[in-house]
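Let us take a walk through this protein together, one region at a time. Keep the sequence and the 3D view side by side as you read.

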Amino acid sequence: SGTLGPRSGTLGRPGDRGRSGGGEGPGFRTRSEAGLARHTGVVMAAAAPLERPCEGTAVAAPASAPLERLYEGTAPGRGVAAAGWRLCLAHRFEEPRQPYGAGDVSFRDVLRHIGLGLRYFRWWYKKTRIEKKSAFIDLLCAVPLQQIYGCPLGGIGGGTITRGWRGEFCRWQLNPGIYHYGTVIADQFTVCLRCKGQTVYQQVLSIEKPNTLQGWNWGYCGHYAFYHALYPRAWMVYELPGQNVVLTCRQVSPVIPHDYKDSSLPVGVFIWEVENGRDEDVDVSIMFSMQNGMGAKQDKSGGHWNEPFTLEKDGERVAGVLLHHCTRVNPFTLAISAREKAGTGVTHLKAFNPAGLGREVWQDLLHDGRLESPPGKSKLTEKGELTAAAVCASCTVPARGHRTLEMALAWDMPCIHFGSREKLHLRRYTRFFGSGGDAAPALSHYALTHYKEWERKIEAWQNPILENSQLPSWYKSALFNELYFVTDGGTIWVELPPDCCDEDLRGQAAAGMSHLLPVLREYGRFAYLEGQEYRMYNTYDVHFYASFALVMLWPKLQISLQYDIAVTVMNEDVQLRQYLMCGQTAQVKLKNVVPHDIGDPGDEPWQRVNAYLMHDTADWKDLNLKFVLQVYRDYYLTQDSMYLQDMWPVCQAVMESELKFDTDNDGLIENGGFADQTYDAWVVNGASAYCGGLWLAAVCMMCKMAEVLGDAKIQQKYMDILNKGKEAFERKLWNGKYYNYDSSGSDASNSIMSDQCAGQWFLGACGLDQGEFEVFPKSHIVSALRTIFEKNVMSFAGGTMGAVNGMRPSGQPDTSSVQSNEVWVGVVYALAATMIQEGLVEEGFRTAEGCYRTVWEQLGMAFQTPEAYREKKVYRSLAYMRPLSIWSMQLALERRASQAPASTEPIQVPNHP
Ligand SMILES: CC(C)CCC[C@@H](C)[C@H]1CC[C@H]2[C@@H]3CC=C4C[C@@H](O[C@@H]5O[C@H](CO)[C@@H](O)[C@H](O)[C@H]5O)CC[C@]4(C)[C@H]3CC[C@]12C
């Protein structure tokens, strides 16, 4: 009976009926048909989707973690990482969260924001309904939550294609910064097994049962497979029920710290490890099928076509199909391919109709485990017509043996236009692969011949952390998996044109930033969105948190980004517009202030900054300070003195602008009585823990930078301010346990803000937190952090959801604004880092763990970590930049490790108080 059952020992147990999903053979309708085929060697094709419910009586779960509970396989897969985010393909996330909407706003908040609501609606209507453009934040059409996402494919800035954890190709960012959400059903891997010249099993490796391509055998039983993500790699392990064959697909993207070439490539590689547990040889084929397009309406716009290709170079041969997607704006070519080598044959089908039954493809593969295709190019698609292609890699796996098949997906969209279509930009990878639009074969070849090197580098980077037994497993998953946003944050990485004639840049270079042009020429321009739903590039108040990932892993990109910000500081945009929060009219951008963002991909980023029009951010208190803090932090970590020298005048200019916010001349800035900082719907009045703390830290760093640069006059100026400001800060805000939210004396001014130590966070990260540089008394910082841990963390949701932004001293979340009772994941990771810096290591881990478990395990928001969630019901802004701040935890840990004698004890998580 052995070959048809999932495996010996499970076959025939109660509740097993129908559980084998697609395991009964190549499109067999019933077990008796399968049995007949087995005995007679007759193979039948699937005609219609087979109703094989794979639910049944639950059996003892081999895995303990909740996300793996439903896994019924026993195979560990081949080479799967130990740490990471793992779940069974049959898993379902139970908690149905909603995007924050008007219905979630309390009556008090409705009254508070009625003006904004009306102004926003008027603006939104004009933008989306009259101008037919999309809104940079669409509050009225939030992206619905889909608990499906897994690791994205692709390097940095060349676009990304996200695969879901069930293997689907479902999130597309090929047009820069613009997301298309949709699973393309034709994009699949299909396995065909043949023994002694007969096909014995053919199955789409998907648990879907779609209503197209119904001639394919869908509905693989998710209980026999699991997904494991450890960005930039992911594994899918499939036990083929009844076949004694295990497939492990390892997905690799070139995301390699300190690498500025391969990390820019728009490619992903799939390495299929096939383990044959049988006593006979098996011929195994993996077919990779793909639609020409991303499932959007342009797929039917006509004029698309496919063609086969082979490329042999340095004795390595790659074969596949190019899918030319010929849109008017941002045309691109997709390439699916496989590596040909001794014992591995590659065949293809250059075109099929993905909207039909797909029988011709299925039967073709079923027949001999290969694909046949007429020679030459396909014809152009007609309007309304879709086309797809497939490539198939085949080999013989000896009895009890193992073989590897290597496949790749590449996409080549070298020249891009943003929404305004004013300027043509060349992506970073074009400097290595050209901008002619014909690079897909070379990209595929390069990916398939270099992925081993990429993996060696990825392992050399990740292993010291993964092998550190002191670190909890969830942290290892969080640290690497949150990094997805560096590529999948609508990220773009473009070249500065060689003949750059941008007057603004030239002016700045002449005005003293001697390394501006060399840096931008060598490393290009980098930008990522505030969030996939908050479509603004390099939102600076948020990047402040996320920048740790960039400066630690790709420091040159952080430096390049900072140069871009420095240029915008010097520029102005005199156009007037109305701001939505308060309704006042003011200039888009003032000179000598840091912008909120460098623009909307729907417009012309870099050219027109400040896409954000909720507030006039020239009056925000945090942006200028965050520039100064990053400049010194970057210098401290990179020791790049040219950068420091170039940024110094800019730091002085923004600090001069900031000084006007010290209205009472006590050395401490005051907030303006509106939400004038990153918490842009949480009003602050007078001196505040958050902005006041950032201010003192920035003043301290000005002193330090002046010292490094030998500018005694400026050093003295800022020393004087610092001494006065420190005294004012303690006097106005310290209450004996923590720093009050603000000094306004309002009902909520003594709220406990989770982010009150943000200034100390940066000081500590730069080693400026002790001795002559101690800005905040150590004992006060530790007391504040302990209070936050006790109140914002442990008294909120039982200590299981991270830290709420604002907590009343009574232990109730602060509901004085729509943001004070939210948890901001990126703020929580930053808080955890601050705790670690200050020696509250266990508290730090406990705090951060709540967010990881909530987002990744409870809410099913993997690879789309939101900006915020509340204790119940709602979240806000999926796939957000700020959580990259988790890398500051790593910096804090590394700093501690370099200072303390080594310990082998795992980090203990404290119990509830
Ligand atoms: C009259 C209506 C029925 C009542 C309507 C109330 C709503 C208008 C408001 C309730 C909640 C408000 C939103 C809260 C958060 C926002 C985010 C902000 O953008 C970015 O936010 C980051 C903080 O999360 C910040 O750090 C970044 O710098 C910002 O780029 C934009 C405003 C808003 C969407 C805000 C808008 C109004 C409400 C929906």
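Predicted model: local features only at pLDDT ≥ 70, side-chain atom pairs only at ≥ 80, totals over all residues.

Residues are numbered from 1 along each chain as its sequence is written.

T678 sits in the loop between β26 (671-674) and β27 (684-686). Is T678 buried or exposed? It counts as buried because it has 28 C-beta neighbours inside 10 Å. The rule is that a residue is buried if 20 or more other C-beta atoms lie within 10 Å of its own, exposed if 12 or fewer, and partly exposed in between, with C-beta atoms placed from the backbone. Leaving aside neighbours within four places in sequence, T678 is in contact with D541, V542 and D622; two residues are in contact if their C-beta atoms, placed from the backbone, lie within 7 Å. For a sense of distance, the C-alpha atoms of T678 and L247 are separated by 47 Å, and these two residues are 431 residues apart along the chain.

Now step back to the domains. The protein is divided into domain 1 (153-457) and domain 2 (468-899), with bounds that come from an automatic or database domain assignment. Their C-alpha centres lie 39 Å apart. Where the domains meet, 31 residues of domain 1 are in contact with 32 residues of domain 2. On the domain 1 side, β4 (160-164), β9 (225-230), β21 (425-426) and α5 (430-433) each supply at least two residues. That side has 13 nonpolar, 13 polar and 5 charged residues.

Strand β9 also leads us into a sheet. This open sheet has 9 strands in the order β1-β9-β10-β11-β12-β19-β16-β15-β14, with antiparallel pairing; two strands pair if DSSP finds at least two bridges between them. β1 (85-88) and β14 (305-313) stand at the edges with a single partner strand each, so one side of each has no neighbour in the sheet. Neighbouring strands are turned by 15° against each other on average, direction ignored. Helix α7 (residues 473-481) packs on the sheet, where it touches β1 and β9, and its direction makes about 70° with that of β9. For such angles, axes are lines fitted to C-alpha atoms, for helices over the stretch in contact, and the angles run from 0 to 180 degrees between N-to-C directions.

Within the sheet, look at β10 (residues 233-240). This strand is largely enclosed by the rest of the structure, because 8 of its 8 residues are buried. R233, W235, V237 and E239 point one way, and A234, M236, Y238 and L240 the other way. β9 and β10 form a hairpin with 2 residues between them, and F226 has V237 as its bridge partner in β10. V237 also stands opposite T248 in β11. The hairpin of β10 and β11 has 4 residues between the strands, and G242 there takes a positive phi near 80°.

Our last stop is helix α4 (residues 359-368), where V361, W362, D364, L365 and L366 are buried. They pack against β7 (188-195), β8 (198-204), β13 (282-291), β17 (345-352) and β18 (388-397). Just after α4, G369 takes a positive phi of about 70°.

Key:
Nonpolar A, V, L, I, M, F, W, Y, C, P; charged D, E, K, R; others polar.
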